[in-house]
Amino acid sequence: MSPLSIGILIGVTTILVLATGIPVAFGLAIVAMGFLVIFDGFFSLGFVGELFFSGLADFTLVSIPMFIAMGAAVASSPAGGDLYGALDRWLNRVPAGLAISNIAACAVFAALSGSSPATCAAIGKMGIPEMRKRGYPDGLATGSIAAGGTLGILIPPSVTMIVYGISTGTSIGRLFIAGVLPGLMLTLMFIAWSMVYATRSGSLMTRDRRIFSLREKLELAPRVLPFLLLVAGILFVLYGGVATPSEAAGVGAMMCFILIAVIYRVWQPRRIWKILKSSTRESVMIMMIIGAAALFSYTLSSLFVTQSIAEWIAALEVNRWVLLGAINIFLLVAGFFLPPVAVIVMTAPILLPLITQVGFDPYWFAVVLTINMEIGLITPPVGLNLYVINGIAPDVGLPKILAGALPFVLLMVVGILLLCVFPQIATWLPDLLMGAGN
Amino acid sequence: MSDEHFIDVLIRGIHALSRACGTLAALCLASACTVVCQMVVMRYVLGASTIWQNEFVTFAIVAATLLGSPYVLLTKGHVNVDLLPHYLAPAAKRWLALFASTLGWLACATLTWTGWQYFYEAWDAGWVTSSLWAPPLWIPLLPLPVGLGILTLQYTADIFCLASRREMPFGPPVTTDDAP
């Protein structure tokens, strides 16, 4: 059997196994081990324990649970609500001001938590009922939060970017910086769409006529600013190369615990323990997938699948944009079904050589890949954010939430196209701050 | 009926064990966070060199992952694609759940076995890690057979609960609120 047909067989088997509803981590592990046994014999299982362990024992991976703990700490405090309230006081008189506050709050909260569902939940819990109360159409209220929440994995620090960095051996600091401008671009596009929508259906939304004094406008700042400074600090030490991502994340997590204790009086052992438990749960889930993916990619490369796919694509001599289009569609479809981390660990090691071979920038590609994953978060069948929103506003119903999210999906596709035409959106800032080249 | 009672006690015992593992995992995570901060203070504030912290933190996170996995399985936190099950009739759904769980069990059991072999080799040969600190390698490897072993045990209990209709197939995730 040629490596390429083995590759196809592995691909099909993986899809079938994952479709049974088996946890992704164990599904990947059983496919990897199964193919090793079939093609390399039973003895090849001897290395599996060591491979699994060494896939996990990487100092850089420590940053993942640390950033998750940081996000869980912020999410468990009322910081999300304050953030949103603070923005609303500035924007309440602008058309669709509340939707704009929500999207902007999502973008900022995304930076704090690095997780899309957490962002959705934290801002949506306050934002969606308030928007509906003030006459915003249900679709816009839920769609803007669902889409705003997806920014969590693009705007740094982002857990999926760390996973990409580890699986492709690219600089995590540089990846983070590459995500900044595209994240802002998407935020602005979401905001622009909300304003267009609002002016078109104008009278539906009762505009908030209250005028806040400067004092009221600044009142919430002392509670919100420390968190923003913390994120800025993390980005600063990362791009400056002062500290490793794990160090920055560990200190960031500790600082977050201190901030929520000082600002929101969240210090009770019971509540801290709850935050720890929930971050452990999420970290374990992601780390198990990463460990299993180490087995999966070992199987692929020991059966020469990875190499022959690269050779095969190179031999096809397709136009690089056709290749990119095909990769985008592939990622989009994978993202419809699988969580971002799983898609990245499974595909990035195979895709990156192809991408760099035809002259695309790996950091730019990380951004394109991430936006593809963002789309998967707000499209069926497993759009995680949609279910979070459905949990917050069950009476709206999934079909309406979906319809509301659709314009934002299209905006993200436009975002990807813009990135293709102007790759500088992703590469300019890292080049400026960290110098050109990799 | 006393027979059935015994099984239920056993299942409760396994669940308690998985929960205890979850607690241990959370403690590992907390210790990793604390040690990272200690390391940063030592290195960047006091300008001292650090010897054991990098490795300790890395292994603490590995331990948290391996020990935490049975707890996450118990609380249905391992993410899966439940699209197909969603559209199946109850009976088919149950069979699919049994099939998926058996595959998962096989993965965990194989990992436990190879993990045990790796651990045993390190123990038997007295290997140490490659760093300056050089602790015996079997210590960080211990969570490999222990965590994965308990994970396999938890899976066994899950499959039994499914087969004996004690549990619904593809149930919703359990929130951490009701866990200790």
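**Contacts, cores and burial**

Me: What does Phe26(A) touch, not counting residues up to four places away in sequence?

Reply: Phe26(A) touches Met288(A) and, in chain B, Leu73(B), His78(B), Gly104(B), Ala107(B), Cys108(B), Leu151(B) and Tyr155(B), with residues up to four places away in sequence left out. A contact here means heavy atoms within 4.5 Å. This is a predicted model, in which local features need pLDDT of at least 70, side-chain atom pairs count only at pLDDT 80 or more, and totals for chains, interfaces and linings use all residues. Residues are numbered from 1 along each chain as its sequence is written, chains are lettered from A and ligands numbered from 1 in the order in which they are written, and side-chain values use heavy atoms, without hydrogens and water.

Me: Why is Thr170(A) called buried?

Reply: Buried means under 20% relative accessible area, exposed over 50%, and partly exposed in between (1.4 Å probe, protein chains only). Thr170(A) has 11%, so it is buried.

Me: What makes the link between the side chains of Thr170(A) and Thr168(A) a polar contact?

Reply: The definition asks for a pair of N or O atoms within 3.5 Å; within protein, one must be able to donate a hydrogen and the other to accept it, and residues adjacent in sequence count only if both atoms are side-chain atoms. The two side chains are joined at 2.7 Å, so the pair meets the distance limit.

Me: What is meant by the largest nonpolar core, and which residues have the most contacts inside it?

Reply: A nonpolar core is a set of buried Ala, Val, Leu, Ile, Met, Phe, Trp, Tyr and Cys residues joined through side-chain atoms within 4.5 Å. The largest has 195 residues, and Phe26(A) and Phe365(A) have the most contacts inside it. Helix 14 (residues 269-302) of chain A gives the most to this core, with 14 residues.

Me: Why is chain B called more spread out than a compact globule?

Reply: The radius of gyration is taken over C-alpha atoms, and the globule rule is 2.2 Å times the number of residues to the power 0.38. For 180 residues the rule gives 16 Å, whereas the radius of gyration of chain B is 20 Å, well over that value, so chain B is more spread out than a compact globule. Its C-alpha atoms fill a box of roughly 65 × 35 × 35 Å along the principal axes.

Methods
Helices (H or I, at least four residues) and strands (E, at least two) are DSSP runs, numbered from the N terminus.
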